[in-house]
Each structure stands twice: as C-alpha cells, then as structure tokens.
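Student: I'd like a close look at one part of this protein, the aromatic rings and the packing around them. Could you walk me through it?

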Amino acid sequence: MKKNGFIAISLIYSFFLVFLMTLLTVVANYMHNRILLNDVKKSIQQNLNNKFEFNSPFLKFSPYAKNTQINYANDTWIVLKDNGDSSVLMLARALTNEELRANLDSKYISAISEDTMLMCYDRYDPRVCSYEGPKIEQYNLYYWDNSLVRLVVDSWFYNNAVLQKASANDALVNMTFRTHSVESSTYIRIPASNEYTAYNNRYWNYTYFTDENGKSILTVNGRNAYASQAKLEVHPVIEVKKKSR
C-alpha cells in the first residue's frame, strides 16, 4: 500500500511539474511576443511620423499661379487664388456619383443624376432649400447653409482622412463668405460665380442671383440656373496655408 501511495504521489508531482513547466513556457512566450509587438508598434509609429513629416499638410511656401494644377490630399486641385500665406484650391475633378450618394441623406438621392446634382430639393422640405410650388410652405429659398450641395461637401470633408489631418494641424483656413446677406464660415465650400470659368456652366457656384415665385436662381459663370431644376457638377473648394518660411 505504501509503495502504491508513493507511486501515486510521484505521478501527481510529475504532472504538476510538467504543468508548471508548460505554464512558464507559455508565459515566457507571451512576454517575448509582447516585446516583439511593442517593437513593431514603435517601428510603425516612427514610420507614420516620418511620413507625416514628409507629407506635410501645408503647401510649400511658393507663389502659385491662378489656374495651375497642384497635388494635395491625394487629389489634383486647381489654384483659384494665391493669397501669399495661403492658396484657394478647387478640386479639379467633380465629385463622383458614388461620392455624392455616400454623402447625402437617402431621402434626397433623387436629386442626384450620374455625377451631377440639384442645389435644392425639387419637392418641399422645411430643412433644406426646396421648391414644389409658388405658394407659402411649398418652397424654401436658397442659402448656402441650407443647400443640398453644402450637405454633400461638408460630409465629404469630414470623411476625408487627409483633409481632417490638415484641419487638425491648422493647415486649412476657415473661409467666410456671403450668400445674399447671410454670412457663412466654413473650411469647405464650392466656387463663387466667375471664380473659375473653364467649365462654363457645368458646375455649381454658390452665388445667389434672385428668386421667382419661390424658385431660387443662382448665378453660374454669368448665366442663371434654377437651384431646384438644374443638375450640375460639384467641385469642393478649400484654402490651404503655406509652410512658414
């Protein structure tokens, strides 16, 4: 009996030692992997920091001629105006159908056609500029701040990681402008009338002209366009600061 008890205790201690050795091995591997992971994280962070320094959110301090094209935020932009310490840029391409749809409430999707959209809704809506008829409460006059296009470019801006990095690093100018007596202040907009004319009247300007029986009319490069009828391209505009000399 004593011999069998000794053998049983020996087996228990043997299993315990094997378990203990296994546990220590697992813990040692965990600690080693954690050290390796921290090293990798530090390496990635350093790489990102180096890229951040290399791809500065600021423009190079240099004069930029009007209508020239430059690369910024992974896109091509057209210089609308050089202000010395900053430059006003317009996205060279129009926002695509996918971008328009992704950045507009599904309620207003009918305002989009291919790569173009209405400035104002073509039915009455109290939240945005709109037109359904000439009677009161059948239309809502246009202001930039209540336009469908503003909803799109605002959302596009806030979902653009590169532009958000630029904004967080104070590389963008908060632009101020007016649409018929109402002042707006924003980091992104669209061009004013005649600010860029190469596309004639294929793209929206924010410049208000007048209204006719509740129909809002905007000036688009010298011509008039009904905000709730014309479907035009959308080209966002930003103003980017330059690096200090």
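Tutor: One cut-off before we start: a residue is called exposed when its relative accessible area is over 50%, and buried when that value is under 20%, with partly exposed in between. Keep in mind, too, that this is a predicted model.

Let's begin with Y158. Its relative accessible area is 54%, so Y158 lands on the exposed side of that cut-off. F157, with a value of 2%, is buried. A search of the whole structure turns up six aromatic pairs, and F157 and Y158 make up one of them.

F157 has another ring partner, Y187. Here the centres sit 6.4 Å apart and the planes are at 10°, so this pair counts as stacked. As for accessibility, Y187 comes out as partly exposed, at 29%. Elsewhere, W144, F177 and Y206 group into one aromatic cluster.

Now for the packing. The largest nonpolar core holds 51 residues, and Y72 and W204 have the most contacts inside it. Several elements give this core at least two residues each, including strand 1 (69-72), strand 2 (75-82), helix 3 (148-158) and helix 4 (161-168). Helix 3 makes the largest contribution, with six residues. There's also a second, separate core of eight residues, with M90, A92, Y196 and V237 among them.

For contrast, look at helix 1 (residues 2-54), where you'll find F19. At 51% relative accessibility, F19 counts as exposed. F19 is also one member of a nonpolar surface patch, together with L17, L20, L23, L24, V27, Y30 and M31. Between them, the patch residues have about 770 Å² of accessible area.

Stepping back to the whole protein, there are four helices and 13 strands, and 40% of the 245 residues count as buried. If you take contacts between residues at least 6 apart in sequence, 54% of them join residues at least 24 apart. The protein exposes about 14,500 Å², with carbon and sulfur atoms supplying 54% of that area.

Methods:
Residues numbered from 1 in each chain as written. Predicted model: local features only at pLDDT ≥ 70, side-chain atom pairs only at ≥ 80, totals over all residues. Heavy atoms only, no water. Buried < 20%, exposed > 50% of the residue type's maximum accessible area, 1.4 Å probe, protein only. Contact = heavy atoms within 4.5 Å. Areas by Shrake-Rupley, 256 points an atom, 1.4 Å probe, with all protein chains shown as cover. Patch = residues over 30% accessible without salt bridge, like charges linked within 9 Å, V, L, I, M, F, W, Y side chains within 5 Å. Salt bridge = Lys/Arg side-chain N within 4 Å of Asp/Glu carboxyl O. Core = buried A, V, L, I, M, F, W, Y, C linked by side-chain atoms within 4.5 Å. Phe/Tyr/Trp six-rings, centres within 6.5 Å; stacked < 30°, edge-to-face > 60°.
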